[in-house]
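Colleague: Could you take me through one spot of this model up close, and then show me how it sits in the rest of the fold? Please spell out your cut-offs as you go.

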Amino acid sequence: MAKNPHLELTNRILVCREYADLWQTYFHFIGEDGFHEKEITEEEEEEFQNVLSLISVNHYKFEQLVGPDMGDAGAVLKIVVETPSLDITQKIPEATYARLLIDWHITFIDMNKALGRMLGRLTAKQKLKLQEIEAAQESGAAETTL
């Protein structure tokens with residue numbers, strides 16, 4: 001029986017990196033200096049909603065493929081639930097907001113620890129395959145931005 005390519009370690013690493021990048025994008029919305037005083041535009045709110053949707057839609061895949069290495073992959077959804085919109089997030093009490101940022105950082109660190117664990121298990125052949133996939137993705141991204 002053929003092995004499922006989605007469960008391969010290289011794919012799990014790619015999923016983790018992609019999700020961690022998305023998680024970092026989420027933080028750029030809520031973690032910037034002066035967030036509570038900032039005027040939120042409709043465009044920013046819409047972009048934030050798109051990021052929340054992507055995080056939510058991709059969470060199951062992330063949790064299934066990376067969760068065993070991360071521990072509490074469900075922490076992502078706990079944080080997302082507290083921030084349904086930028087407007088609501090701006091109105092939460094300062095202490096709650098500070099805890100939210102700490103929880104975000106802990107979760108981001110846990111994602112990166114999981115990534116490190118998975119990278120540590122790569123064989124030389126898998127490392128080469130991962131480098132080839134990443135190079136192909138980068139060249140594809142370069143072509144689309146030209």
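Modeller: Let's start with Thr-89, which touches Ile-30, Phe-35, His-36, Thr-83 and Leu-100, once residues up to four places away in sequence are left out. Contact here means heavy atoms within 4.5 Å. Before going on, a word on the source: this is a predicted model, where local features need pLDDT of at least 70 and side-chain atom pairs count only at pLDDT 80 or more, while totals for chains, interfaces and linings use all residues. Numbering runs from 1 along each chain as its sequence is written, and side-chain values use heavy atoms, with hydrogens and water left out.

Thr-89 belongs to helix α4, residues 86-91. Is Thr-89 buried or exposed? Thr-89 has a relative accessible area of 0%, so it counts as buried. The cut-offs, with a 1.4 Å probe and protein chains only, are under 20% relative accessible area for buried, over 50% for exposed, and partly exposed in between. For a sense of distance, Asp-110 is 21 residues from Thr-89 in sequence, and their C-alpha atoms are 23 Å apart in space.

Beyond its neighbours within four places in sequence, Ser-85 makes contact with Glu-45, Phe-48 and Gln-49.

Step back into α3 and you find Ile-79. Its relative accessible area of 3% makes Ile-79 buried. Neighbours within four places aside, its contacts are Trp-23, Tyr-26, Leu-100, Asp-103, Trp-104 and Thr-107. Leu-100 also turned up in the list for Thr-89.

Now to helix α1, where Tyr-19 sits. Tyr-19 is buried, at a relative accessible area of 3%. Leaving out residues up to four places away, Tyr-19 touches Ile-55, Asn-58, His-59, Phe-62, Val-76 and Met-111. Tyr-19 and Met-111 are 92 residues apart along the chain, yet 8.6 Å separates their C-alpha atoms.

What about the way the helices pack? Two packed helices are described by the angle between their axes and the distance between the axes. The axes of α1 and α2 (residues 42-70) come within 9 Å and cross at roughly 150°. The axes are lines fitted to C-alpha atoms, for helices over the stretch in contact, and the angle between N-to-C directions runs from 0 to 180 degrees. The α1 and α2 crossing is left-handed, meaning the near helix is turned anticlockwise from the far one by less than a right angle (clockwise would be right-handed). By class, 16 nonpolar, four polar and five charged residues make up the contact of α1 with α2. Ala, Val, Leu, Ile, Met, Phe, Trp, Tyr, Cys and Pro count as nonpolar, Asp, Glu, Lys and Arg as charged, and the others, Gly among them, as polar.

Helix α1 also shows up at the largest pocket, giving six residues, the largest share of its lining. A pocket is an open set of points on a 1 Å grid over the protein atoms alone, where a 1.4 Å probe fits and protein lies on both sides within 12 Å along at least five of seven lines; lining residues have an atom within 4 Å of a point. Among the lining residues are His-6, Arg-17, Lys-61 and Glu-134. By class, the lining has two nonpolar, three polar and five charged residues.

For contrast, look at Thr-123, in the loop between α5 (94-120) and α6. Its relative accessibility is 41%, so Thr-123 counts as partly exposed. From Thr-123 to Gly-67, 56 residues apart along the chain, the C-alpha separation is 21 Å.

And the whole fold? The protein chain has six helices and zero strands, and of its 146 residues, 37% count as buried. Its C-alpha atoms fill a box of roughly 55 × 40 × 25 Å along the principal axes. Among contacts between residues at least 6 apart in sequence, 79% join residues at least 24 apart.

How values were computed:
Helices (H or I, at least four residues) and strands (E, at least two) are DSSP runs, numbered from the N terminus.
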